Amino acid sequence: MHELGVVMAIIDTVVERCEGARVNRVVLQVGKLSAVQPDALRFCFDLATEGSLVEGASLDIVEVPGSGRCRTCATVLALDQPYAQCRCGGSDIEWLSGDELRIVEIEVQ
Amino acid sequence: MCTTCGCSGERPDDSPGFVLDLRGKGAAAAPPPPSNLEREEKSRRILLEQAILDKNRRIAERNRGWFANQSVAAINLLSAPGSGKTTLLERTVRQRGDALGIRVIEGDQATSLDADRIAAAGAQVLQVNTGTGCHLDAEMIERALAELRPARSSCLFIENVGNLVCPALFDLGERRRVVIAAVTEGEDKPLKYPHMFRGCDLVLLNKIDLLPYVPFDVRRFESHLRTVNPHARMLPLSALNGDGMDAWYGWLEREQTGS
Ligand SMILES: Nc1nc2c(ncn2[C@@H]2O[C@H](COP(=O)(O)OP(=O)(O)OP(=O)(O)O)[C@@H](O)[C@H]2O)c(=O)[nH]1
Ligand SMILES: [Mg+2]
Ligand SMILES: [Zn+2]
Ligand SMILES: [Zn+2]
């Protein structure tokens with residue numbers, strides 16, 4: 001859990017890009033495999049935005065499911081955790097989605 | 001609880017109660033969102049499409065470029081608290097410090113105890129204290145490099161803060177990531193901390209001198225490691241009594257001549 005550190009990075013970027021306006025809403029994309037917990041992000045966000053242009057903004061988190069392709073047999077698998085064993089026995093998986101950690105957009109006043 | 005990342009103790013992932021707790025508090029503290037009508041009237045959207053850790057990544061790339069330019073072999077050394085990072089470095093400095101031109105950046109929340117140990121072993125060392133922060137980031141390393149000024153073609157060890165969670169997310173610009181796990185920690189660590197073990201190039205299984213005294217199945221550990229990381233090499237060793245260190249030195253020498 002490094003969610004407060006991640007939230008600080010979000011606030012830095014948002015404040016840099018909000019053109020000095022108050023921010024109403026921040027939309028994030030958080031992948032299932034990104035090692036970041038949406039609940040913990042929300043909790044830290046409310047605390048860490050206090051006193052900044054982002055204070056009181058709502059935080060929308062779009063969760064992205066994980067998927068990967070087996071490097072041995074090319075089967076595409078759904079991933080709930082950052083590793084998996086393919087039917088062929090292989091565990092060398094190329095991630096196709098799920099490691100996203102992005103700020104998609106913000107809404108300012 | 002660590003105030004930079006909110007991590008509570010050693011195994012935050014193992015404590016589902018913590019997450020539930022957060023959910024409750026987060027919901028209670030959230031202000032009511034403005035109504036849709038209000039929003040549409042007043043607000044303007046700005047598309048960012050930016051990776052959250054982009055700033056760290058940019059600085060890490062700068063560090064990586066500098067390392068490549070100077071042929072410095074930079075190694076990010078990670079483990080849980082007390083797995084033996086500093087003990088490994090002390091022995092490595094004593095036995096190969098001059099041959100490899102070893103320099104060390106020590107990351108700890110507080111104290112310069114580890115830097116003192118490295119200096120006593122005979123290497124140039126810089127202590128970075130992260131305060132409440134539970135990991136090193138690329139900017140700290142950039143500042144440390146300006147101060148330490150590692151020589152051309154040296155081997156730079158960066159001992160990260162003892163923590164298997166947060167440091168996994170922060171690229172420092174290193175060439176290689178080495179994770180230490182000790183036999184006293186149990187075989188399940190690769191599965192419990194998959195991000196850490198997934199992202200590393202080499203795993204040192206330390207404290208093998210204790211194998212007669214603790215229930216630890218090396219083959220099971222290795223199979224768990226393979227599950228999360230099919231490529232990382234694994235070298236069993238004892239930083240305390242020196243068993244297995246030659247294979248580690250061999251790996252290091254190849255890394256350095258590869259630079
Ligand atoms: N038996 C045994 N003990 C070891 C070995 N390596 C380290 N230790 C002991 O483990 C303890 C912690 O070692 P350190 O080297 O300080 O561990 P560290 O990973 O640097 O710890 P932090 O920097 O605090 O995270 C010390 O008491 C060491 O003597 C080993 O191979 N065998
Ligand atoms: Mg240490
Ligand atoms: Zn397969
Ligand atoms: Zn932490």
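Predicted model: local features only at pLDDT ≥ 70, side-chain atom pairs only at ≥ 80, totals over all residues.
## Exercises: a magnesium ion and its neighbour

Along the sequence, the residues that donate to the magnesium ion (ligand 2) follow the spacing T-x27-D-x44-E. Residues are numbered from 1 along each chain as its sequence is written, and side-chain values use heavy atoms, leaving out hydrogens and water.

**Exercise 1.** Find which protein atoms are donors of the magnesium ion (ligand 2).

*Solution.* Start with the cut-off: donors are N, O and S atoms within 2.8 Å of the metal (3.2 Å for Na, K and Ca), and with no water among the atoms, sites may look incomplete. Next, pick them out: B:T86 (OG1), B:D114 (OD) and B:E159 (OE) lie 2.1 to 2.2 Å from the ion. Now place two of them: B:D114 is in helix 5 (residues 113-121) of chain B and B:E159 in strand 5 (residues 155-159), 45 residues apart. Helices (H or I, at least four residues) and strands (E, at least two) are DSSP runs, numbered from the N terminus.

**Exercise 2.** Decide whether B:D114 is buried or exposed.

*Solution.* Buried means under 20% relative accessible area, exposed over 50%, partly exposed in between (1.4 Å probe, protein chains only). B:D114 has 11%, so B:D114 is buried. B:E159, at 2%, is buried too.

**Exercise 3.** Look for side chains with a polar atom by an oxygen of ligand 1.

*Solution.* A polar side-chain atom of B:T87 sits 2.5 Å from a ligand oxygen. For B:R117 the distance is 2.9 Å.

Technical notes. Chains lettered and ligands numbered in written order. Polar contact = N/O pair within 3.5 Å; in protein donor to acceptor, adjacent residues only side chain to side chain.
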